[in-house]
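I opened the model and kept notes as I went. The entries follow in the order of looking.

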Amino acid sequence: MAAERPSSKWQIMQDGKTFYKRQQLYSIPGKLPNLSDYIVAGCRYGGPIALMRDHTKLVALGRTTPAITKAQIQIYSPAGEGLLLFSWDQGKIIRFGWTSDERLAILNEEGTYRLYDLQGDYQQYSLGSEAGEMGVIDARIHENGLVALTGSLSLLEVKGWEGSRPLTLANPTLSQPPNSWAVIPPDVNISRHVEVLLSVDSTIFTVDNLESIDQRLSQGPFTHVSPSPNGKSLALLTFSGTLLVVSSDFQRTLAEFKTGDVVGAEGAVHQVEWCGIDAILVTWDNLVVVVGPFGDTLEYYYSGPTFAVTEPDGVRIVGPDVCDLIQKVPSSSASIFRPGSTSASAILYDAWESFSQRSPKADENIRSIRPELAAAVDECIEAAGEEWEPYWQRRLLNAAKFGRGFLDLHNPTDFINMGQTLKVLNAVRFYEIGIPLTHLQYIYTSPAHLITRLTARNMHLLALRISTYLSIKPDAVLKHWASAKIMRSRPSATGTGAEADLGGDEDVCKLIVDKFEQLGGADVSYAEIAKRAWEVGRGGLATKLLDHEPRASDQVPLLLTMKEDRLALVKAVDSGDTDLVYHVLLHLHKRLPLGSFFRLIEDGGSQLAPASKLLQVYAREQNREMLRDFFYSDDRRVESAVLSLDEAAGILDPNSKITTVRAAQKFFSEDKDRGFESKMMDESARLLAYQQQLEKESDGKIVFFGLSVNETLRMCLVNNLSKKADKVKSDFKVPDKRFWYVKLQALISTSDFEALDTFSKSKRSPIGYEPFVHHLVEAGHPREAIPYVLRCDSPKRADLYVECGEWRMAGKECKERGDKAKLDAIRQKCPNSLIAREFDQILASMK
Amino acid sequence: MATSTIDEAAAPTPTEEPLLDVGLLKEVGRKALVDALNSVNGAKTLVLDASLAGPLGLVIEVSLLKHHGVDKMFWLEPGPLSSTTTNIVYLCRPRIKYVKIIADQIKRHGKEAQKYTYTLLLVPRISTLVSRILEEEGVLGDVRISSYNLQFIPIADDVISLENENAFKEIWVDGDETVIYDSAQALLTLEKLYGLFPRIVGKGDQAARLANLLTRHYLPSDSTTPDTLLTQSEKIDSLIVLDRRVDMITPLLTQLTYEGLIDELVGIKNSHVELPVSLLTPPAPMGVASTSAEPTPGAPTLKKVEAKKKHHLTTSTDPLFAELRDLNFSSVGKRLNKVARRLEEDYKGRHQAKTVAQLRDFVGKLGGLQTDHQSLRLHTGLSELLVPLTRTDQFNKTLEIQQNLLASYEVPAQITAIEDLLAQGADMQTILRLLCLASITAGGIKLKSLENLKREILQAYGYNHLPLLLSLSAPPLAVLLPNPLPPALASDPSAKYPFSPLRKSLRLLIDDSPEALDEVENDISFVYSGYAPISVRLVQCVAQKGGVLSNPAEKEKEKEKDKQGSSIKAQAHPIAGWRGFEDLVATIPGETVDIVQNGPNGGSAVAAPMASLLRPMHKPTTTVVFFLGGCTYTEIAALRWVGRQNRGRKFLIATTGIINGNTLFESISSVPKPTQAGSKDAAI
């Protein structure tokens, strides 16, 4: 094993403190085409690169690559393995870039964008009609969204990759496209909103969703604008080749550097990328230069054009023969391997080497760093994570283990985690997998993210092994596996041989369910897998899989798309979630012809009764026409009638109101059990007609229409139309009692005591005369009430007199009846002594 | 405060183990609203559905809303909306009519080229229906739809409510099960806080549906399932679900407790009651007798010109109310008197104050005394307001008919009496309440007199009430039926309510004889002066089996015991479902529910009921009683009484809303009430 120390490959900056290292990740001679002929987009975190022929570049014919007129996109892993190749049949591609979950977003000039996963499946979204009309002339794609520049030079932002509606950012009022531009993604910006940097003339505009600000720079125009990975600084390259580094709020200039001074730099600058947060990488055709914070440089030469991808902890360079990672040497590595380092960790490593060579120096070394040993152990563990070669990883971990032996207490968690992590990292770095993930990137993106990346490459076994090894739930892997399984076992297109095929529905379903149960993927949503099956045209399989899904809210939407209408409705009703029922109902109402829609619900019987009820609730408010049809088609006379009545209540025009009430009556009359209701509606219509007549007779001065029978009577009486009232009474067979009460109250309310008197004498009152007294007193006419007391039953008279305030007469009454007890009782309630005395007299006289 | 003078019938006993802290639910509701508001950046105009204002007022204060950027509030009403802020937030229940108003306003803004950002917060959750209607109206793209999950609102220490006024109507008239689903969700939230209900006992078809939804909801070991849903609750021993259909009689009767009577005669809405201003503001000079607010006896109606003000009836600021609310109204006067005396004595304390220190003590107490004074004044005034209303002929006639019907005494005569009331022009609600009561207790009304009465109703109150009458007689409600039943209903078991057998077996009616009067005070029947609500009896069947059965003699003995050591109450027995009452409960129409919930971590199905029996006896637990379709104040009072009889069990009453007979019929009746012209500016 080559025991060349890692530091042998390091390069030191001119300042003599900072080391940079170029780690060769893969050797890829001849695997990639000449990058200068292509437009390239690289995915962070050791992701793949996507290539598309740059049509502005001339290509010599007769080379190995066939000349293709159609746009074609090729995707290569960092190890140079071709992952995917597909051709583009849409409008001209404006821009493509990678999302955080390793999908390739491609935007064309019509404002349409697609998200391709590594299997070539895509989702398509649009930026909306405005973008479609104006056209898209440029765009910037970041991991969680994109910003497009439309033909009208306005900016559209899309947040996330779920096809959300584009938001228009503040208008920068440009007159021509910017010289160059960039976006600061929302997750690294202070405001948590996307910020767009436009290089216009000599200055830069910063644009967000609220405002567009001119930063008043004078050095421009700029050919390259590049925000740092943490969003805090910007690298700007002027036409004259001056590299400016400013803080992203433009308050401070951090560095200035003339790229023209670089020896060997020829032609135009290709890329300005960040390497970490304090160094900038500038690339030319064959040269890559790292510019440090103080203008120090490091040059790296390549045999041909390169492409740089900024990583959180460095920059990845894809060259013609190699794929490299350039990064600042991490402090832990530097502290151990820096030539002449005397740090505790360096001594610990030294001690371990001496120990493994059986040299007594080991003990001496350990003794010398005793107080810092714990920190040294930690640093060795950390440094192991930074090493690419398993040889050095092992050595560093061994050194840590050795150091641990001298410690009384040391938490081994970090040590174990690092071991596990390195095992995983080494596995995925293998060239066939081709994910050159550094330890820091792995921690940053989480193990679960790594697993989804593996499943996206259809590497299910490795993903499953890793998730088991790291004790992560295997659900995500299983789900992806099942989807892939369904895709692969697609029955032959002819279909006839499908049953005999290996991918028979029954088999596949069993295979999937068995695997899930075996591996404990209980939480996997069968609905999602079933959806997948349905999408590839395997309805039968989808239905079978759906049976295993316990959640109705997941089942129902798929059942609907599968046109299993009845089943969907039944499941929805069963779930008790009325919103789900509405979802199904509204969907079906839109899709099915009305007749079959009704039949579906009616045929459901009691099982679907709640759905039918909900439909009625909805239709009553929103779609009465449909409800009428629904009741009609089901011969529901009573409901139809009620609906008519409901409508009648809202109608103001008298004639049409009567017609509607008549219609309701007709509905009732068609149901033999509803004779009473029919009769009532007949009465109602008659009353309305009569009220109409009354209004006409009164020249519209009195409002009758729509009143109840009682109110009509009252209105007649109050307006001196007692003949009409009598007619209403006889026409509607109003019982005497009620009529008397109504008339009594009406006459009192108009204070027509004469008429009241006549009325009371018209015949023997069916309600007695007490109500006369009560109501008169209540209305504040106790004096008028007195005559009626005499006509009441004698035992009650005394109390009634009291009610009228006639104490004396009450006393007299008692005396006449010789009712001493009553007299006593009344005396208790006397309002003043005068009356009390009188009562006493009466009492005395009765003795 | 001399709590010792208060007898235990009414006073909450603060020394006992605390109940579940329902304030937590309020906190949850408040935080959810604040979060929802904060999700919209900057100043905003809040447009509020008026039916939510009441419930919201119980959760959040206007000042807090302002604090979170609410600039102005408007009612959600038809007509144009002008806003000074670019953000407009609509907060409403997902009802179609509201959505149409919103769509209309948005379209209007569009026409006027005004640009706003719209956020629609739906209570309690997002609805497909709403997005569909917005789509149909063509404004879906302009609105961000989100939800504000307002669930149970605490309206007292032991009462939580969804404050949904229309729950009963939606379930039993419209057949809209949304309320049941929402209730299940709300109960699930309780489970998330306190753990699974170890046992769910219930009665009624819809209760069964609810229990079914509730038990189905947890899924095996979902990674998102909180731990509380995996194990039985420590604090709650069971959930008793009763749907309103099981006991339709109770809400039809006139409530006779203090709070119940206020609700019947004045109306309590979302714990708020509208009172004359003079009752609420202390009179300018101190020491004016509290009778100054006495209404003139000649004007028994409340509709006076005097300005009204909303008052929040709550025990937290008004300790006297806690004493009074559950008392039978007949003893309220006595209690008020007692409190007045006590207060006077406390005031007199100042004369005994000799030294400066004593004086300082007295002054320290003065604030409390003044609060007491004010609340005494309020309740004295309020009861004086009620007294004349309870003295009217109509009121007493109504009570008489009710009592007679409950005793099945001369039913035809009662029908005639109802007819008389109608002729005299009583409220339609009063008539319908009596009529439905007659129908349920007597198993239907003779077809001839029923049709006659219906005709009278339609003539007296308008033919537009026909749909209401139809709803009342149609299943699944079926509370106004002819006798014999029409053939369509004859086979439906839910149409026949076994009232007479229940009256005996559940001891519903306590005689009016003097020796029974004592018993009335020793039984839940005090809430209706001699009639025990079936619903609460059913709860007793589960949670206090002795209370259902005990005859007066046994009661006597118990009382004896009580006297010997009043602090020692019987330990509440563990929940064992309907045991002992299975046959009785089976006679009541509707499904019977008895489910034991173990949770996946809870061991085998056989072991669990044993475990619940073996629960440490001394451990205090809470029994949640959920009324699907609403409950009355009397039922709450009765349940509180039951809760006081035993040691170790408290009741937490949960309901979809507080109802009484009047609100019940108002909600069923589709005839809109004349709306009061309110100001456009909303207030909570």
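Entry 1: I began at Pro154(B), which stands opposite Ile160(B) in E7(B). This is a predicted model, and I read it as such. I then looked up the two strands around that pair. Strand E6 of chain B covers residues 153-156, and strand E7 of chain B covers residues 159-161. They pair in the antiparallel sense, over 3 bridges. How many residues join E6(B) to E7(B) in the hairpin? I found 2 residues there.

**Entry 2: a sheet in chain A.** Next I traced an open sheet of 4 strands in chain A. Its order is E19-E20-E21-E22, with antiparallel pairing. Which strands are at the edge? I noted strand E19 (222-227) and strand E22 (253-258) of chain A, each pairing on one side only. Neighbouring strands of this sheet are turned by 15 degrees against each other on average, direction ignored. I followed E19(A) to strand E20 (residues 233-238) of chain A and found 5 bridges between these antiparallel strands. Within that pairing, Ser226(A) stands opposite Ala235(A) in E20(A).

**Entry 3: two helices of chain A.** I turned to helix H5 (residues 373-386) and helix H7 (residues 413-429), both of chain A. They pack at an angle of about 10 degrees, and their axes are 10 Å apart. Angles under 35 degrees count as roughly parallel, so H5(A) is roughly parallel to H7(A). From H5(A), the contact uses Asp378(A), Ile381(A), Ala384(A) and Gly385(A). H7(A) answers with Asp414(A), Phe415(A), Met418(A), Thr421(A) and Leu422(A). By class I logged 5 nonpolar, 2 polar and 2 charged residues in this contact.

**Entry 4: the core.** I looked up the largest nonpolar core, which has 399 residues. Which residues have the most contacts inside it? My list reads Ile280(A), Leu348(A), Cys380(A), Tyr90(B) and Val241(B). H17(B) gives the largest share of this core, 9 residues. Leaving aside neighbours within four places in sequence, Leu348(A) is in contact with Ile369(A), Leu373(A), Ala376(A), Val377(A), Cys380(A), Ala399(A) and Gly403(A).

**Entry 5: a helix in chain B.** I checked helix H29 (residues 661-668) of chain B for buried residues. They are Gly661(B), Asn662(B), Thr663(B), Leu664(B) and Phe665(B). What do the buried residues of H29(B) pack against? I found helix H6 (167-174), helix H9 (249-252) and helix H17 (428-442) of chain B.

**Entry 6: where the chains touch.** The contact takes 37 residues from chain A and 40 residues from chain B. On the chain A side, several helices each supply at least two residues, including helix H17 (578-591), helix H21 (637-650) and helix H23 (675-697). Which helix gives the most to this side? I noted H19(A), with 7 residues. The side of chain A that touches chain B has 18 nonpolar, 8 polar and 11 charged residues.

**Entry 7: Tyr801(A).** Last, I located Tyr801(A) in helix H30 (residues 794-804) of chain A. Is Tyr801(A) buried or exposed? I counted 26 other C-beta atoms within 10 Å, so Tyr801(A) is buried. Beyond its neighbours within four places in sequence, Tyr801(A) is in contact with Val789(A), Glu806(A), Met809(A), Ala810(A) and Glu813(A). I also took its distance to Ile336(A): Tyr801(A) and Ile336(A) are 465 residues apart in sequence and 115 Å apart in space, C-alpha to C-alpha.

Terms used. Residues are numbered from 1 along each chain as its sequence is written. Chains are lettered from A and ligands numbered from 1 in the order in which they are written. This is a predicted model: local features need pLDDT of at least 70, side-chain atom pairs count only at pLDDT 80 or more; totals for chains, interfaces and linings use all residues. Two strands pair if DSSP finds at least two bridges between them. Axes are lines fitted to C-alpha atoms, for helices over the stretch in contact, and angles run from 0 to 180 degrees between N-to-C directions. Angles under 35 degrees count as roughly parallel, over 145 as roughly antiparallel, 65 to 115 as roughly perpendicular and the rest as oblique. Two residues are in contact if their C-beta atoms, placed from the backbone, lie within 7 Å. Ala, Val, Leu, Ile, Met, Phe, Trp, Tyr, Cys and Pro count as nonpolar, Asp, Glu, Lys and Arg as charged, and the others, Gly among them, as polar. A residue is buried if 20 or more other C-beta atoms lie within 10 Å of its own, exposed if 12 or fewer, and partly exposed in between; C-beta atoms are placed from the backbone. A nonpolar core is a set of buried Ala, Val, Leu, Ile, Met, Phe, Trp, Tyr and Cys residues joined through C-beta atoms within 7 Å.
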